[in-house]
Amino acid sequence: GFWALAIVAFLVGLIGLYDRVVHGISGQNVGSYVTWGLQVAAYIYFIGLSAGAFLLSTLVYVFNIKQVERTGKLALFTALCLLVAAMFAIWTELGHPERAWRLAFGNLGSIMGWLMYLYTSYFLLLVVELWVAMRPDLIAWRHTGCLRGALCRLLSFRYAPLSPAELVRDRKVLRI
């Protein structure tokens, strides 16, 4: 029953996404009383959750708190997924989401342009930090079967185990 409800909710969401992309924000009835749509609230919510997950990872990698060490990689992955969800939410808020790429060449005085630059930097930071944190696991899992092993071989960029000196260096990189 739960999966049937989840599939129906997903399909309704796809219909709503289609309506948003095709008809824009006209169906949302924003005006002088309601100035922001639900997507802006979702964007702020997801960005806050992403920042919180990133701060949890700093407890592990910057402050070296052993009690939460098992959550470090998961916190980085969660921060990355929530950042993508936030950017998707704000992308759907735009009147013409297909024009979002124009922000990269926008006015340097634009707040939206600066947010795009900063969130892109944050995204790259999360990707690099997650890769450095996951490197020993990717190398260890490279011999597993099928798709998982192939993906780990692709992402590990090397086939030899990490030396203790490299593990210490990676830990310093994560701390920085």
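This is a predicted model: local features need pLDDT of at least 70, side-chain atom pairs count only at pLDDT 80 or more; totals for chains, interfaces and linings use all residues.

Author: Start with Lys73. Its relative accessible area is 30%, so Lys73 counts as partly exposed. Every value below is computed from it.

Lys73 has a charged partner. Its side chain meets that of Asp137 in a salt bridge, with N and O 2.5 Å apart. The cut-off for such a contact is 4 Å. Lys73 sits in helix H3 and Asp137 in helix H4 (residues 111-140), so this contact ties together parts 64 residues apart in sequence. The two ends of the bridge fall into separate classes of cover. Asp137 is buried, because its relative accessible area is 18% and the limit for buried is under 20%. Lys73, at 30%, is partly exposed.

Now widen the view. Across the whole structure, a search finds five salt bridges. Lys73 with Asp137 is one of these contacts.

Take Glu69 with Lys66. Their side chains form a salt bridge with an N to O distance of 3.9 Å. Lys66 counts as exposed, because its relative accessible area is 53%. Glu69 has 34% relative accessibility and so counts as partly exposed.

Next, Glu69 with Arg171. The closest N and O atoms of this salt bridge are 3.8 Å apart. This pair links distant parts of the chain: Glu69 lies in the loop between H2 and H3, while Arg171 belongs to helix H6 (residues 164-175), 102 residues apart. Arg171 is partly exposed, as its relative accessible area is 30%.

Most residues other than glycine have a negative phi. Asn64 is not a glycine, yet its phi is positive, about 55°. Its relative accessibility is 40%, so Asn64 counts as partly exposed.

A positive phi also turns up after helix H1. There the residue is a glycine: Gly24 follows H1, and its phi is near 70°. The helix itself has 22 residues. From first C-alpha to last it reaches 31 Å, close to the 32 Å expected at 1.5 Å a residue.

H1 covers residues 2-23 and holds Phe10. That residue belongs to a nonpolar surface patch, along with Ile7, Leu11 and Leu14. Together the four have about 400 Å² of accessible area. Phe10 has a relative accessibility of 56%, which means it counts as exposed.

Back to contacts, this time between rings. A search of the whole structure finds seven aromatic pairs. One of them joins Phe2 and Trp3: the ring centres are 5.7 Å apart and the planes stand at 70°, so the pair is edge-to-face. The step needs one cut-off, since planes over 60 degrees apart count as edge-to-face. Phe2 is exposed, because its relative accessible area is 59%. Trp3 is exposed as well, because its value is 66%.

Another edge-to-face pair is Tyr43 with Tyr119, at 6.2 Å centre to centre and 85° between the planes. This pair links distant parts of the chain: Tyr43 is in helix H2 and Tyr119 in helix H4, 76 residues apart. Both Tyr43 and Tyr119 are buried. Helix H4 thus returns to the account, because Asp137, the partner of Lys73, lies in H4 too.

One covalent check remains. A disulfide needs two cysteine sulfur atoms within 2.5 Å. The count of disulfides comes to zero. Cys81 shows why: its sulfur is 16 Å from the closest cysteine sulfur, that of Cys152, which is too far for a bond. Cys152 has its own closest sulfur in Cys146, but 12 Å is again too far for a bond. Cys81 counts as partly exposed, because its relative accessibility is 37%. Cys152 counts as buried, because its value is 5%.

Technical notes
Residues are numbered from 1 along each chain as its sequence is written. Side-chain values use heavy atoms; hydrogens and water are left out. Patches are made of residues with over 30% relative accessible area and no salt bridge: like charges are joined within 9 Å, nonpolar side chains (Val, Leu, Ile, Met, Phe, Trp, Tyr) within 5 Å. Accessible areas come from the Shrake-Rupley method with a 1.4 Å probe; for residues, only the protein chains shown count as cover. Helices (H or I, at least four residues) and strands (E, at least two) are DSSP runs, numbered from the N terminus. Buried means under 20% relative accessible area, exposed over 50%, partly exposed in between (1.4 Å probe, protein chains only). The expected span of a helix is 1.5 Å times one less than its number of residues. Rings of Phe, Tyr and Trp (its six-membered ring) pair if their centres lie within 6.5 Å; planes under 30 degrees apart count as stacked, over 60 as edge-to-face and the rest as tilted.
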